[in-house]
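Here's a quick briefing to read alongside the model. Have the sequence and the 3D view open as you go.

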Amino acid sequence: MYGNAYIDPNDKATAMTAGEDPKKLEEFEARIARGEKIEPMDWMPKEYRKQLVRMIEQHGHSEIIGALPEGTWITRAPGFRRKLALMAKVQDEVGHAQLLYSAAETLGKSREAMINDLITGKSKYSNVFNYPAFTWADACIIAWLIDAGAIINQVANAKGSYGPYCRALDRICTEESFHLKYGHDNVVTLATGTPKQREMVQAALTRWWPPIMHFFGPSDKISNHTEILMRWKVKMATNDDMRQQFLNMYVPKIWDLGLTLPDENLKKNAEGKWEYTEPDWEEFKRVINGGGPCNAERLAVRRNAEERGRWVREALNTTESKYIVPLA
Amino acid sequence: MNQNTTDAIKELLYKMADDLLIIGHRNSEWTGLGPILEEDISFSSMAQDKIGQAQALYVLLNELGEQEPDTVAFMRNANQFHNSQLVELPNGEYDFSLVRHFLFDHADQLRFEALANSSYEPLAKVARKVKGELKYHVFHGNTWFVKLGSANEESHNRMQAAFNEAWNYALGMFEPSKNEDLLIGEGIFEGEETLQEKWLANITPYIIKAGISIPSSETWKPVYGGRVGNHTNHLSPLVEEMSEVFRYDPTAEW
């Protein structure tokens, strides 16, 4: 799963190509326009590299942080079928992080440096994972709707310009499509189940709706910045377009299950566009900057895991020579 | 099949299935928290295999008249479980989890290899499939056990301490059953004593290679009791957590 990469709107667009060789830049842009993929050893503008590292890294972080709210339900999953499926799903997510960190490493930043930036709070991850999964139904809603949002985002990005990232995303999307089925099957089971189950899935959906609406990020300001990133095929679709696509695909399915969404203004208008109450973007900013209900806990858990595993990583770094227990 | 034989087979199946379910559950607790991403993924793979193997054995029990696998796994209380105490102990640090995994999987591999030739064909069939999966678990355990046992001073000391802590519990895996003679006599299972001997022979070369010392045999005190429902205080919270959602509405399909 994944949330949209958070691009700082204060980055200066004019600075993005400053100092680049105009001829090389022109060739680079022509390649992308022709639909060619950029590979690790190819020339690329500094800013292209920087934006991609940031984006792929955030994506990788989202996968491992995303494993936490769902992972807590592995040990509680009801029945063999659900337990086995959830384990496999969360394992996939960790595997995605592995793939993504490898893709980002081709751009020159090591996995250790990325993880370090995650646990020191320097780099971001998807905002949705700063909310708690209170019940089993929350884990089901995440598996269905957050993964659904992620697929929309990733299918778009898989058509981007950077070869290693696209290839990683192709594989990730295939796995995510199973997660989506798994999540949907779970939500259907709860929504058509006993009164207690229906009540828990409705409560979870109501809780998760605001973070889901935040998922694709605020409306894009049409700036030179966005324009360049789209021309370079780093950013493939606007946040609003992806949000529309999500609403179009999933709101009818949610309503079909007899579930309600906590937004009276949500409807499809005559032009086929979804109207909704604007999400609280102040809340979004507050959470992304560390003020959400679980930010501190998520990072603390991750930091603790890194700390506890340090001796193992150090042991792996030893050469083939063996430690011999001293005789005296 | 007479009643005594059926009861003996059930007892054997229960202890094996419960071992697998509980260690699978413990392995799954590493998800998202492993020392490196690759180990997170490995422990999750092993957890999935073990829980799947447990399920296959509960299905055999179901065919012998016990309740559905989900009911058996998610509705019993801790004192109705027959797993060895080794598998219910908390994960602790990676050293303990790894040592336990090494000791447990060698024993389980030998158990399933022996059972692949069991005269009780339904179990033999399951065992032939399972032993293929366990080969990789044992390979994983051996690799890490040897590496961390001998990498540097800290890793060695940690592994030795974890080994000492796990040892008597590991011996407890071979708690003799009241049905040993019957199982051996009917060619169903070779018995715990034989299994323990083979296990010691198999693990010793890796222990030597890792530079780890086995506690001297006069200090061995196998921790028995798990097979008859006596457990540490760690099992009850595990079982409660595992069955929390299932029991929230036992009438529901999940």
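Two residues are in contact if their C-beta atoms, placed from the backbone, lie within 7 Å. On that basis, 48 residues of chain B are in contact with 41 residues of chain A. Keep in mind that this is a predicted model: local features need pLDDT of at least 70, side-chain atom pairs count only at pLDDT 80 or more, and totals for chains, interfaces and linings use all residues. Residues are numbered from 1 along each chain as its sequence is written, while chains are lettered from A and ligands numbered from 1 in the order in which they are written.

**Where chain B touches chain A**

- Helices H1 (3-28), H2 (37-63), H3 (69-75), H6 (121-150), H7 (153-171) and H10 (235-248) of chain B each supply at least two residues of the side that touches chain A; helices here are DSSP runs (H or I, at least four residues) and strands are too (E, at least two), numbered from the N terminus.
- H2(B) gives the largest share of that side, with 11 residues.
- By type, the chain B side splits into 19 nonpolar, 16 polar and 13 charged residues. Ala, Val, Leu, Ile, Met, Phe, Trp, Tyr, Cys and Pro count as nonpolar, Asp, Glu, Lys and Arg as charged, and the others, Gly among them, as polar.

**Chain A overall**

- Chain A has 11 helices and 2 strands, and from the N terminus on they run α-α-α-α-α-α-α-α-α-β-β-α-α.
- The C-alpha trace of chain A spans about 70 × 60 × 35 Å along its principal axes.
- Among contacts in chain A between residues at least 6 apart in sequence, 79% join residues at least 24 apart.

**The largest nonpolar core**

- A nonpolar core is a set of buried Ala, Val, Leu, Ile, Met, Phe, Trp, Tyr and Cys residues joined through C-beta atoms within 7 Å.
- The largest one holds 154 residues, and Cys140(A), Ile141(A), Ala17(B) and Ala166(B) touch the most other members.
- Helix H5 (residues 136-157) of chain A brings the largest share of this core, 14 residues.
- Beyond its neighbours within four places in sequence, Cys140(A) is in contact with Gly183(A), Asn186(A), Val187(A), Leu190(A) and Val201(A).

- Most residues other than glycine have a negative phi.
- Lys233(A) isn't glycine, yet its phi is positive, near 55°.
- Look for Lys233(A) in the loop between helix H8 (224-231) and helix H9 (239-256) of chain A.
- Lys233(A) counts as partly exposed because it has 19 C-beta neighbours inside 10 Å.

Conventions: Buried ≥ 20, exposed ≤ 12 C-beta atoms within 10 Å, placed from the backbone.
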